[in-house]
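The exercises below are to be worked with the sequence and the coordinates open side by side.

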Amino acid sequence: MRQEFVKAGFRALTESKYLISGNYLLPGDILLYESHHGAANITLGIAVRNSWDPSKDADQVQTVVEFKHTLGDRTIKSGMSGDDVKDLQEKLNKLGYKISKIDGKCGDVTVGAIKAF
């Protein structure tokens, strides 16, 4: 996975200050646990909080990568959205648990269909 991010223009940060805490992370940094999963950081690390200005330091802004989920990758809960939710809605609908809007958003109707199932 790391190789693909590097090909896409990401810089691999391997210094220990990035690996032992979140103090130096910027919003949009991608954290990889090789061969297991990835996560996007959404917070601003305490060590860079007073010095980071995205309007002046555009090169510091990382690209946020949207991870697509397939049904079964995660536990679907109210408020979630994604391809896996849409797939679940379609499958529930085919089984007769009517969902009026197949939109990939897990709202009250989808939750009700899950509970009924």
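**Exercise 1.** Does Arg74 count as buried, partly exposed or exposed, and at what relative accessibility?

Solution. Before any value is read, note that this is a predicted model, in which local features need pLDDT of at least 70 and side-chain atom pairs count only at pLDDT 80 or more, while totals for chains, interfaces and linings use all residues. Residues are numbered from 1 along each chain as its sequence is written, and side-chain values use heavy atoms, with hydrogens and water left out. The classes are buried for under 20% relative accessible area, exposed for over 50%, and partly exposed in between, with a 1.4 Å probe and protein chains only. Arg74 has 24% relative accessibility and therefore counts as partly exposed.

**Exercise 2.** Describe the salt bridges, beginning with the one that involves Arg74.

Solution. Side chains of opposite charge can pair when their charged atoms come close. The criterion here is a side-chain nitrogen of Lys or Arg within 4 Å of a carboxyl oxygen of Asp or Glu, and by this rule the count comes to 2.

- Arg74 meets Asp84 at 2.7 Å, N to O. Because Arg74 lies in the loop between S2 and H3 whereas Asp84 belongs to helix H3, the pair ties together parts 10 residues apart in sequence. Asp84 is buried, with a relative accessible area of 1%. Leaving aside residues up to four places away in sequence, the contacts of Asp84 (heavy atoms within 4.5 Å) are His69, Thr70, Leu71, Arg74 and Ile76.
- Lys91 meets Asp87 at 3.1 Å, N to O. These two residues are 4 apart in helix H3 and are thus separated by about one helical turn. Lys91 is partly exposed at 42%, and Asp87 is partly exposed at 23%.

**Exercise 3.** Which residues make up the largest nonpolar core, and which elements supply two or more of them?

Solution. Such a core is a set of buried Ala, Val, Leu, Ile, Met, Phe, Trp, Tyr and Cys residues joined through side-chain atoms within 4.5 Å. The largest one has 8 residues, namely Ile76, Val85, Leu88, Leu92, Ile99, Cys106, Val111 and Ala113. Helix H3 (83-94) and H4 each give two or more residues, and the largest share, 3 residues, comes from H3.

**Exercise 4.** How many aromatic pairs does a search of the whole structure find?

Solution. Rings of Phe, Tyr and Trp (its six-membered ring) pair if their centres lie within 6.5 Å, with planes under 30 degrees apart counted as stacked, over 60 as edge-to-face and the rest as tilted. The search finds 1 pair. The rings of Tyr97 and Phe117 have centres 5.8 Å apart and planes at 85°, so the pair is edge-to-face. Tyr97 sits in the loop between H3 and H4 and Phe117 in the segment after H4, 20 residues away. Tyr97 is partly exposed at 25%, whereas Phe117 is exposed at 61%.

**Exercise 5.** Where in the chain is confidence lowest and highest among the elements?

Solution. Helices (H or I, at least four residues) and strands (E, at least two) are DSSP runs, numbered from the N terminus; the chain has 4 helices and 2 strands. On the pLDDT scale, the predictor's confidence in each residue from 0 to 100, strand S2 (residues 37-40) is lowest with a mean of 70, and helix H4 (residues 108-116) is highest at 95. The chain averages 79, yet pLDDT stays under 50 over residues 61-66.
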